[in-house]
Amino acid sequence: MPWLLALQLVVWLSGCGLGPSSRPAPSTGLGPEARQEPALSGDGRLLASLVERGGRTTVLLQERLSGRVIPLRHLQRQQPHSSPSLSWNGRYLAVIVQRGERRLAVIEDRANGRGIPLPLPGGQEPERLSLAPDGRRLAMQLVRGGQRQVELFDLSGLLEPDLPPGLAVPGR
């Protein structure tokens, strides 16, 4: 019964303060603003979240440890924002924006300052999205005529990979 011994050890370590804990992580100085829909970069360095500013929901990108706000060039005039998602190093920030009556999926490439709108099949609007850590794929919940469906998009012809340091780019 090695599993019983392991369970007893975990219970004992928890009682000593050495095992798993349910205490929240310490505050990181991100400010008192009410936040929604948090998204961490793959390396945990950046945090994107939604905040209310001037009556509109906007995405706020910050360095997690220092709380420093990182400006986003292409997203300031397209509000409200929803469903932020970051790539591994935070080079890419995918988000849904409102443009007139339509909702659009947009990716901001922070390395070269480009805003990249993602064309969708006719009549479909994004509701939620999730960017793969390498930035090469995107899962999106779409709505068309009241029906919801999830589609996967290959962005490899559009974006360079955003890989953890030390990983080779496939095919090179």
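This report walks through a predicted model of a single chain, from its overall make-up down to a few residues.

## Ground rules

Residues are numbered from 1 along each chain as its sequence is written, and side-chain values use heavy atoms, with hydrogens and water left out. Because the model is predicted, local features need pLDDT of at least 70 and side-chain atom pairs count only at pLDDT 80 or more, while totals for chains, interfaces and linings use all residues.

## The chain as a whole

Let's start with the big picture. The chain has 1 helix and 11 strands; helices (H or I, at least four residues) and strands (E, at least two) are DSSP runs, numbered from the N terminus. Read from the N terminus, the elements go α-β-β-β-β-β-β-β-β-β-β-β.

Of the 172 residues in the chain, 37% count as buried. Here buried means under 20% relative accessible area, exposed means over 50%, and partly exposed is in between (1.4 Å probe, protein chains only). The chain exposes about 10,400 Å², with carbon and sulfur atoms supplying 57% of it; accessible areas come from the Shrake-Rupley method with a 1.4 Å probe, and for residues only the protein chains shown count as cover. As for contacts (heavy atoms within 4.5 Å), take those between residues at least 6 apart in sequence: 39% of them join residues at least 24 apart.

The predictor's confidence in each residue is its pLDDT, from 0 to 100. The chain averages 82, and 77% of the residues score at least 70. Residues 1-7 stay under 50, and the model gives them 0 contacts beyond four places in sequence. Over residues 9-14 the pLDDT is also below 50, and this stretch has 5 contacts in the model beyond near neighbours in sequence. Where pLDDT is low, the predicted coordinates should not be read in detail.

Two strands pair if DSSP finds at least two bridges between them. Strand S6 (residues 92-99) and strand S7 (residues 102-109) pair in the antiparallel sense over 8 bridges, and Tyr92 stands opposite Asp109 in S7.

Ser85 sits in strand S5 (residues 81-86) and is buried, with a relative accessible area of 8%. Leaving aside neighbours within four places in sequence, Ser85 touches Ala39, Tyr92, Leu93, Ala94, Leu129, Ser130 and Leu131. A polar atom of the Ser85 side chain lies 2.8 Å from the backbone nitrogen of Leu131. Ser85 is also 9.6 Å from Leu138, C-alpha to C-alpha, although the two are 53 residues apart in sequence.

## Two loop residues

Ser41 is in the loop between strand S1 (36-40) and strand S2 (46-53), and is buried with a relative accessible area of 3%. A polar contact of 2.6 Å joins the side chains of Ser41 and Asp43; such a contact is a pair of N or O atoms within 3.5 Å, where within protein one must be able to donate a hydrogen and the other to accept it, and residues adjacent in sequence count only if both atoms are side-chain atoms. Beyond four places in sequence, Ser41 is in contact with Leu46, Leu86, Ser87, Trp88, Asn89 and Gly90.

Arg136 is in the loop between strand S9 (125-131) and strand S10 (137-144). This residue is buried too, with a relative accessible area of 19%. Its contacts beyond four places in sequence are with Phe153, Asp154, Leu155, Ser156, Leu159, Glu160 and Pro161. Arg136 and Ser87 are 49 residues apart in sequence and 9.1 Å apart in space, C-alpha to C-alpha.

Glu37 is in strand S1. Its phi is positive, about 45°, although Glu37 is not a glycine. With a relative accessible area of 28%, Glu37 is partly exposed.
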